[in-house]
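Please walk through this fold with me, one region at a time. Keep the sequence beside the view.

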Amino acid sequence: MKEKLQQIKQAAFAELQTPDCDTEAVRVKYLGKKGELTAVLRGMGALTPEERPVVGQMANDVRAEIEAALTTVVAAAKEKALNDRLVREKLDVTMPGKCERVGHQHPLTRAQREMEEIFIGMGFEIAEGPEVEYDYYNFQALNIPENHPARDTQDTFYITDKILLRSQTSPVQVRVMEKQSPPIRVISPGRVYRSDALDATHSPLFHQMEGLVVDKGITMSDLKGTLETFARKMFGDKTEIRFRPHHFPFTEPSAEVDVSCFVCGGKGCRVCKGEGWIEILGAGMVHPFVLQNCGIDPEVYSGFAFGMGLERVTMTRYGIDDIRLFYENDERFLKQF
Ligand code: PHE
C-alpha cells in the first residue's frame, strides 16, 4: 500500500510537469471522490490496526503534497496568462494620438447668443413664437390690415389665406402682450421668411431679433438708452447711434437706427460704404392700436419695440459680404469663427 501511495504521488507529479497540463483533470483523477487516493484509503480496512495510522498519515501527506503541487502549477499558469496578455496588449503611450475634430457654434448662433446675453443683462427675458403663423398675428394685429402696402415689402409664403410663414418676429410681441400684463421686457429671436430671391443681401429665410418693453411711463429715451447700451456692448465702447425717421405701421413714431461705423469710427470706409453709419434695425414706440388689440390700455401704458436682422448684424460685425455664406455650410467659411 505504501508503494501504491508513492506511485500515485509520482504519477500525479509527472502529469503536473507536462506542459499545458489540465490541472482540474489531475485533481479529479487523484484527489476526487472516485480518485486513486480515495480508492487506497477505502482499502485501509484490510490493514492491521498498527499499520492503519501509519498508512493514514502517509496518505494525508501524499494528498497534501499533490495539493501543494497543484496550487503551484495553477498559480504559475495564471501568471503566465497574465504576462502573455500584458505583452499582447502592450500600449505605447508615446505614440502620437488621433486628433478628434471638434466643431463649434455657427456664427449666427454665436451672434444670437451674444446678443441674448446683452439683453438678458438688461433684464430682458426670451420669448418664442411659432414660425408658421396666423395672418392675424403677423399683420392684422400689428396694424397692417389686408391690402395695406406694407404687406408688399413683407410678401411671404402662404399655407392658406389665413396661415403663413411669419415675415418678421413682431407677431411675438402680440402673443406676449395677449398673455402677459405689463411690465413686459422680452426679446424674441428666431427664423423669419420672405418670398425674396436669394442674392448677396437677400434670403427667403433669415433671422430676426425682436425687442419689446411695455410699462407705465416708457418713453423714446428708454428706447434710445437701451439701443445705445446694446450697440456699445456689441460693436465697441465708442459706438454712437443715430435715429432716422421712418414708418412702421405698428410703431409711432418710428425710426431706423444706425450705428457709427466701428471700423472707421464714422469717417467713412469700405465697410460703411463711405457713410460713416451702418443701418442695423427698425424701432419705435408701440402704436396705441397695437396695445389696444392686445388688451392693454394705451392711456395707462406705453412701450417701445425694435427689430433687427441677425444676419445683418453678424455680417456688419464680422465684415461678411454675402448672406449666402451663412447657409452653405462651407467649412472654409465656418472655420473662421
Ligand atoms: N418688424 C420690422 C421689420 O421686419 C422691424 C421692427 C420691429 C420695426 C419692431 C419696429 C419695431 O422690418
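Two strands pair if DSSP finds at least two bridges between them. By that rule β6 and β7 pair, antiparallel, over seven bridges. The model is a predicted one. One of the facing pairs here is R242 with D258, the latter in β7. The link between these strands is brief to describe: a hairpin of two residues takes β6 into β7.

Now look at the other partner of β7. Strand β7 covers residues 251–260, and strand β8 covers residues 277–286. They too run antiparallel, with eight bridges between them. S254 sits opposite G284 of β8. E256 has G282 as its bridge partner in β8.

How much of β7 is buried? Eight of its ten residues are, so the strand is largely enclosed by the rest of the structure. Strand β7 also holds P253. The peptide bond that leads from E252 into P253 is cis, with omega near -5°. Most residues other than glycine have a negative phi, and most peptide bonds are trans. K273 is exposed, because its relative accessible area is 73% and the cut-off for exposed is over 50%.

Step back to the whole sheet. It is open and has seven strands, in the order β1-β4-β5-β9-β8-β7-β6, with mixed pairing. Its edges are β1 (125–126) and β6 (241–248), each of which pairs on one side only.

P182 and P183 are joined by a cis peptide bond, with omega about 5°. P183 belongs to the loop between α8 (171–179) and β4 (184–193). N147 is not a glycine, yet its phi is positive, about 70°. Find N147 in the loop between α6 (135–138) and α7 (150–153). N147 is exposed, with 75% relative accessible area.

R194 has a polar side-chain atom 3.0 Å from a ligand oxygen. For Q208, an N or O atom of the side chain is 2.9 Å from an oxygen atom of the ligand. Taken alone, the ligand exposes 320 Å², and the protein buries 92% of that.

Strand β5 (residues 205–215) contains H207. Is H207 buried or exposed? It is buried, because its relative accessibility is 15% and the limit for buried is under 20%. The side chain of H207 makes a polar contact of 2.8 Å with that of E311. Beyond neighbours within four places in sequence, H207 touches L108, G190, R191, V192, M308, G309, L310 and E311.

The loop runs between α11 (310–318) and α12 (325–328). D322 has a relative accessible area of 17%, so the residue counts as buried. The side chains of D322 and R324 form a polar contact of 2.9 Å. With neighbours within four places in sequence set aside, the contacts of D322 are D199, A200 and M315.

Finish with helix α2, residues 23–31. Its buried residues include T23, V26, Y30 and L31. Why do they fall on the same side of α2? They cover an arc of only 85° around the axis, which places them together on that side. An α-helix has 3.6 residues a turn, so residues three or four places apart point the same way. What do the buried residues of α2 pack against? They pack against three helices: α1 (2–17), α3 (36–42) and α4 (51–88).

Definitions and conventions. Residues are numbered from 1 along each chain as its sequence is written. This is a predicted model: local features need pLDDT of at least 70, side-chain atom pairs count only at pLDDT 80 or more; totals for chains, interfaces and linings use all residues. Side-chain values use heavy atoms; hydrogens and water are left out. Buried means under 20% relative accessible area, exposed over 50%, partly exposed in between (1.4 Å probe, protein chains only). Helices (H or I, at least four residues) and strands (E, at least two) are DSSP runs, numbered from the N terminus. The arc is that of the directions from the helix axis to the C-beta atoms. Contact means heavy atoms within 4.5 Å. A polar contact is a pair of N or O atoms within 3.5 Å; within protein, one must be able to donate a hydrogen and the other to accept it, and residues adjacent in sequence count only if both atoms are side-chain atoms. Accessible areas come from the Shrake-Rupley method with a 1.4 Å probe; for residues, only the protein chains shown count as cover.
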